[in-house]
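Please work through the exercises below with the sequence and the coordinates open side by side.

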Amino acid sequence: ILREERRQHVNSLRNIESILQRWVGDTSDLSPSIPNKYIASENLDGQWFTLTKPTYSDCLGFNDDGDPLYRLGRMSFEMFFPGDLICAIQAVFNPIMKVVPPSSKGPSSFSVPKTLQEEVKRALANDSGAVLKTYHIVVAFTIEPYSPSFGADSPNRIVSSPIRGIMTTYGYVLP
């Protein structure tokens with residue numbers, strides 16, 4: 001039964017992927033006066049919701065709602081402590097938007113990560129049509145209430161009810 005459900009799930013994802021590809025790729029009927037690359041680019045901007053929850057390595061199992069459980073350290077690239085705190089991931093979002101300079105200061109006022117600054121300046125100088133975009137990863141999660149399965153030394157032992165949280169990793173792309 002599980003294999004059949006997985007097969008149906010994978011087929012559903014392939015159908016959705018096919019629909020999204022057609023939506024982004026086939027824009028010729030929208031406006032003949034605007035080149036397709038601009039229409040497709042604008043269609044990608046917005047708040048995207050991932051269709052499936054992440055499947056990082058080191059998954060500890062699932063909570064009663066079917067959300068995957070991970071250590072806080074694993075979820076945050078070991079940046080937050082206590083790293084052994086057990087959390088459940090509810091959803092992942094990707095805000096994709098143009099990074100636009102304030103009009104009064106011009107293109108030199110972009111808030112651009114240092115490693116991309118030269119590339120962005122070249123793209124703007126060449127008028128290549130390249131646009132800096134955000135590609136943030138926003139994770140909605142809960143710190144799970146203690147369960148004996150977490151172990152006696154789990155930092156979750158002081159958590160009596162779920163605590164909601166949001167973790168954002170900021171990213172930028174220059175397509």
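The model is a predicted one, in which local features need pLDDT of at least 70 and side-chain atom pairs count only at pLDDT 80 or more, while totals for chains, interfaces and linings use all residues. Residues are numbered from 1 along each chain as its sequence is written, and side-chain values use heavy atoms, with hydrogens and water left out.

**Exercise 1. Which residues make up the largest nonpolar core?**

Of the 175 residues of the chain, 28% count as buried. A nonpolar core is then a set of buried Ala, Val, Leu, Ile, Met, Phe, Trp, Tyr and Cys residues joined through side-chain atoms within 4.5 Å. The largest has 12 residues, namely Tyr70, Leu72, Met75, Leu85, Cys87, Ile89, Val92, Val139, Phe141, Ile143, Val159 and Met167. At least two residues of this core come from each of α3 (72–75), β4 (86–96) and β6 (137–143). To examine one member, set aside the neighbours of isoleucine 143 within four places in sequence; its contacts then include Leu85, Cys87 and Val159, together with Asn156 and Pro162.

**Exercise 2. Where does the backbone call for a closer look?**

Start with the loop between α3 and β4, where proline 82 is placed; the peptide bond from phenylalanine 81 to proline 82 is cis, with omega near 0°. Glutamate 78 is placed in the loop between α3 and β4 as well, and its phi is near 60°, a positive value in a residue other than glycine. Then turn to the loop between β1 (46–49) and β2 (61–62), which holds aspartate 58. Phi of aspartate 58 is positive too, near 70°, and this residue counts as exposed because its relative accessibility is 53%.

**Exercise 3. How many disulfides does the chain have?**

Apply the rule that a disulfide is a pair of cysteine sulfur atoms within 2.5 Å; the count comes to zero. Cysteine 87 is buried, at a relative accessible area of 0%, whereas cysteine 59, at 34%, is partly exposed.

**Exercise 4. Locate a nonpolar patch on the surface.**

Phe77, Met79 and Phe80 form such a patch, with about 370 Å² of accessible area together. The rule for patches takes residues with over 30% relative accessible area and no salt bridge, joining like charges within 9 Å and nonpolar side chains (Val, Leu, Ile, Met, Phe, Trp, Tyr) within 5 Å; a salt bridge is a side-chain nitrogen of Lys or Arg within 4 Å of a carboxyl oxygen of Asp or Glu. Phenylalanine 77 lies in the loop between α3 and β4 and, at 61% relative accessibility, counts as exposed.

Key:
Buried means under 20% relative accessible area, exposed over 50%, partly exposed in between (1.4 Å probe, protein chains only). Helices (H or I, at least four residues) and strands (E, at least two) are DSSP runs, numbered from the N terminus. Contact means heavy atoms within 4.5 Å. Accessible areas come from the Shrake-Rupley method with a 1.4 Å probe; for residues, only the protein chains shown count as cover.
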